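Biologist: I am new to this structure, and I would like to learn how its features are read, one at a time. Could we go through it together?

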Amino acid sequence: MREKKFATKSVHFTEKEISKNRSKSKPIYQTSAFVFQDLDDMESFYRGEKEYLYTRYGNPNSDDLGKGVASLEQAEDGVATSAGMSAILVALLALLEKGDHLIAANDLYGGTYQLLAEELPKLGIDVSFVPFQDREVVKRAIRKETKVLYSETVTNPLLRVEDIYQVVELGKEHGLSTVIDNTFATPYFVQPLTCGVDVVVHSATKYIGGHSDVTAGVVVGSAEIIQQVRQKVATLGCNLSPFEAWLASRGLKTLALRMGRQGENAQALATFFADHPGVSQVFYPTTVSKRGNGAIVTIRLAEKVEAATFFESLDWVKIAPTLAGVETTVSYPIQTSHRTVPESLRQELGIDKQLVRISVGIEDIEDIMAAFDKAIKKAGS
C-alpha cells in the first residue's frame, strides 16, 4: 500500500473506528479507570490482552496523540505526557541513571537548561553544557560515564539549526544515545529519527496542539525505548489528561496547514525586518528543510529602540511567555524563557535586553508587518 503524504497522515493518524453510536469524532474517554467483569478479566490487562486499566497507565485519547505524532515522525511508537518538560524528563530518565553523564547544547530553551542544570544533578546525573556547533568541543566533553547527547532541532530563541547528522555521527562513534527536541521545527519541517536520532521530544503545547489551549508533551522513538518511557510516565504520574490529549489530537489534524501558512508568514516577516532601520539583527534560519524554515523570527532591536515602549505599542499583537498559537505573539527571552539562565551564559549567547522572539501566526502578513513597523517606529522616535 502506498504511504500517505504528510498532510493526509496528520488528519488520519488514528485507526478508522466505527462505534455502535457511529460517532465521526473520537470520543473523550474522560475516566480515571476502566472496569472489568471479574478478577480474571482484570488480570487480562496484566497479561497484555486488554489495553486499559487506569488512566495514569494509558488512555485511548493520550494513546492517539502519542501514536499520531509517532506516525508523523516516522517513529515506531510514542507516548503523550503532561507537558513538554515532563516529556524531556521521562525521556532522559529512560536513558540515564545515577552516575551517568549527559552532554547538552548550551543554547537550549531556558526551562530545559534549568531542568538539566538543577534537577538532574540531584539524581546523581552529571551534565555538561557545550556549544554543539563546535564538534571538537563536544568530542572533548565526552567521558566514560557519558550516555546521552541532547539538543534542539532549531534552538530557542536564537534559531541555530542543529547539524543533526553530526550529532548522530558523534553519538554512534562513541556509543551514545541522541535526544532531540523537535518542538520548533515540528515533523512538518524535520523528522530527526530519519536522520538516525534515537529519541525525539516535543512540547505539544506549542505547534502540535497549535491553539494555545492545552499543555502537553510527546516522546517518540523505537518501541523498546518508548516502553521504558511509558513506564516512567506511569510511575512518576506524568500522564496527560484525556481532554487535553483530545484537544492536542484535534490540533494535530491541522498541523500541515498551520505550519505551511505560518512558515510563509515568518519568511516574509524576516525579509521585512532585514531592511528595517529599527532592527539591528534578524535571526531566521535558511536551512531547516525544503518545506520551509519554521514560524519563529527573533530580532535584536536597534539600540535607539526602547524595548519597553516597543512592547507597549504592539496594538493587537499579544505579549506572551510562550509561542506557536495561530495568533502572532511576542516574547521577551531575558524576562521569560531564559530568565533562569545564568547571566554570564546569556551574555555569551547574546540574549540581551534588545532581543525579541516573535511567534508568527496565520494572520494576513501585511497586517503583521504593519503592527511591528508601527511599534518599532514609535519606540525609536
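Predicted model: local features only at pLDDT ≥ 70, side-chain atom pairs only at ≥ 80, totals over all residues.

Biologist: In what order do the strands of the open sheet lie?

Modeller: Helices (H or I, at least four residues) and strands (E, at least two) are DSSP runs numbered from the N terminus, and two strands pair if DSSP finds at least two bridges between them. Here seven strands form an open sheet in the order S1-S7-S6-S5-S4-S2-S3, with mixed pairing. Strand S1 (77-81) and strand S3 (126-130) are at the edges, each with a single partner strand, so one side of each has no neighbour in the sheet. From one strand to the next the twist averages 20 degrees. S3 pairs with strand S2 (residues 101-105) in the parallel sense over five bridges, and Leu-102 has Val-127 in S3 as its bridge partner.

Biologist: How is the packing of helices H4 and H9 described?

Modeller: Two packed helices are described by the angle between their axes and the distance between the axes. Axes are lines fitted to C-alpha atoms, for helices over the stretch in contact, and angles run from 0 to 180 degrees between N-to-C directions. Helix H4 (residues 84-95) packs against helix H9 (residues 223-236) at about 120 degrees, with the axes 9 Å apart. The two are therefore oblique to each other, since angles under 35 degrees count as roughly parallel, over 145 as roughly antiparallel, 65 to 115 as roughly perpendicular and the rest as oblique.

Biologist: Which residues of H4 and H5 make their contact?

Modeller: Contact means heavy atoms within 4.5 Å. H4 and H5 pack at about 35 degrees, with their axes 10 Å apart. Met-85, Ile-88, Leu-89 and Leu-92 of H4 meet Gly-111, Thr-112, Leu-115 and Leu-116 of H5.

Biologist: How many salt bridges are there?

Modeller: Side chains of opposite charge can pair when their charged atoms come close. With a salt bridge taken as a side-chain nitrogen of Lys or Arg within 4 Å of a carboxyl oxygen of Asp or Glu, the count comes to 21. One of them joins Arg-135 to Glu-173, with the closest N and O atoms 3.0 Å apart. This pair links distant parts of the chain, 38 residues apart, with Arg-135 in helix H6 (residues 135-141) and Glu-173 in helix H7 (residues 164-174).

Technical notes. Residues numbered from 1 in each chain as written. Heavy atoms only, no water.
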